[in-house]
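Let's take a friendly walk through this model together. Have your viewer open as you read.

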Amino acid sequence: MNQDVIKFDNHIYQIDVFMENKPGRMSCYYIDSSNPILIEVGPSNSFPYLISSLESLGINEVNRSAMTHLHLDHIGGIGHLVEKYEEHFVYIHELGLKHLPNPEKLWKAVSDIYTEKWLIENWGKIKPTPIDKIKTLNDNEFIDLGNNRKLKAYHDPGHAKHHYSFYDNVSKTLFIGDTLGLIYPHGNFVQPNLPPPDFDKEILFETLEKFEKLELNNLALAHFGIHKNPYDLIANAKESIDVWIKFIENLPETSNQEASAIMEQWVRTNYEFLGFDKETIANYTNNVHFEMQVAGIRNYLLKKKNP
Ligand SMILES: [Zn+2]
């Protein structure tokens, strides 16, 4: 089985879980300490990759994990995780209490966009998580990892209202889930990720501005990997989000489908103009659902018009 684990700062392991059987799509993280933790689990189909990577590090039991948010590419495998590790429990936003034991609604929300067939093939079927395995988070809560290491949980809505990011006080790494956007290999720029129903620019920018005030050495993204220029990337994300919103604002009178085709072409042309190589452009543009981005931006613009 494919394994790709990178060690940072002696204690943080970045684990590629080969989402959709492709490298460089989804990272989970394991922080080694006297009381270790896993951040993100990935979709169901990625679970075997996660386990085989942990075992390659000699880790045969993990007692807890922290999830950034309730989207299925991040939490699809939770049911498997709590089944495999008997003692395991999961930190997550309080909406997890409602949705993880009965994940039908989460499933339907994604299958309505991607189709159920696509979802089963690519992310895999999900298992319910028993309610006693779920621990809800509070904003600014500390998760003690032992050895003077702590994760501070920040409630950071904008991408999703149930999003949390986690700040490691030792390495000064912010595990930022999907709040920033996407950075695919081998780019060093942020592509926005603005899905409905929760994307809201003002709320997201408020979050990003709060993060800019933290002492940061690294940003650890779910899609994908650890990056060492946090402040540049946050500035880059804000700029791109503004440009994407303006572009969609200037495309009225088109269906979401028409607008997404126009947008995809425009994004590709921009990347070519900026001199990115073909492989990087393909990594960025082939792994995004443009229609969902259009729907997210239009939903936000509508909310702003009719609050
Ligand atoms: Zn995601």
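What follows covers a metal site, some helix packing and a few backbone details.

## The zinc site

Please keep in mind that this is a predicted model. Which residues coordinate the zinc ion? The donors come from Asp 73 (OD), His 74 (NE2), Asp 178 (OD) and His 223 (NE2), at 2.1 to 2.2 Å. Along the chain, these donors of the zinc ion follow the spacing D-H-x103-D-x44-H. The pair Asp 178 and His 223 links distant parts of the chain, 45 residues apart. Asp 178 sits in the loop between β11 (173-177) and α7 (201-212), while His 223 belongs to the loop between β12 (218-221) and β13 (225-227).

If you plan to look at the geometry, the angles among the four donor atoms run from 86 to 161 degrees. The site of the zinc ion is irregular. A tetrahedral label would need all angles between 85 and 135 degrees, so the value of 161 degrees rules that label out.

## Helix α8 and its two partners

Two packed helices are described by the angle between their axes and the distance between the axes. For helix α8 (residues 230-249) and helix α9 (residues 256-273), that angle is about 140 degrees and the axes are 11 Å apart. α8 and α9 are therefore oblique to each other, because an angle has to be over 145 degrees to count as roughly antiparallel. Their crossing is right-handed. On the α8 side, the contact uses Val 243, Trp 244, Phe 247 and Ile 248; on the α9 side, it uses Ile 262, Met 263, Trp 266 and Val 267. By class, the residues of this contact of α8 with α9 are eight nonpolar, no polar and no charged.

Helix α8 also packs against helix α11 (residues 290-305), where the axes come within 10 Å and cross at roughly 85 degrees. α8 and α11 are therefore roughly perpendicular to each other. From α8, the residues are Trp 244, Ile 245, Ile 248 and Glu 249. They meet Phe 290, Gln 293, Val 294, Ile 297, Arg 298, Tyr 300 and Leu 301 in α11. The contact of α8 with α11 has eight nonpolar, one polar and two charged residues.

## Helices α9 and α10

How are α9 and helix α10 (residues 278-285) arranged? Their axes lie 10 Å apart, at an angle of about 150 degrees. That makes α9 roughly antiparallel to α10. The crossing of α9 and α10 is right-handed. Glu 264, Val 267, Arg 268, Tyr 271 and Glu 272 of α9 make the contact with Ile 281, Tyr 284 and Thr 285 of α10. Sorted by class, the contact of α9 with α10 has four nonpolar, one polar and three charged residues.

## Backbone details to check

Most residues other than glycine have a negative phi, and most peptide bonds are trans. The peptide bond from Pro 185 to His 186 is cis, with omega near -5 degrees, and His 186 lies in the loop between β11 and α7. The peptide bond from His 223 to Phe 224 is also cis, with omega near 10 degrees. Phe 224 is in the loop between β12 and β13, and His 223 is one of the residues that coordinate the zinc ion.

Asp 9 is not a glycine, yet its phi is positive, at about 55 degrees. You will find Asp 9 in the loop between β1 (5-8) and β2 (12-16).

Methods
Residues are numbered from 1 along each chain as its sequence is written. This is a predicted model: local features need pLDDT of at least 70, side-chain atom pairs count only at pLDDT 80 or more; totals for chains, interfaces and linings use all residues. Side-chain values use heavy atoms; hydrogens and water are left out. Axes are lines fitted to C-alpha atoms, for helices over the stretch in contact, and angles run from 0 to 180 degrees between N-to-C directions. Helices (H or I, at least four residues) and strands (E, at least two) are DSSP runs, numbered from the N terminus. Angles under 35 degrees count as roughly parallel, over 145 as roughly antiparallel, 65 to 115 as roughly perpendicular and the rest as oblique. A crossing is left-handed if the near helix is turned anticlockwise from the far one by less than a right angle, and right-handed if clockwise. Contact means heavy atoms within 4.5 Å. Ala, Val, Leu, Ile, Met, Phe, Trp, Tyr, Cys and Pro count as nonpolar, Asp, Glu, Lys and Arg as charged, and the others, Gly among them, as polar. Donors are N, O and S atoms within 2.8 Å of the metal (3.2 Å for Na, K and Ca); water is not among the atoms, so sites may look incomplete. Four donors count as tetrahedral if all angles lie between 85 and 135 degrees; four count as square planar and six as octahedral if opposite donors are over 155 degrees apart and all others between 65 and 115; anything else is irregular.
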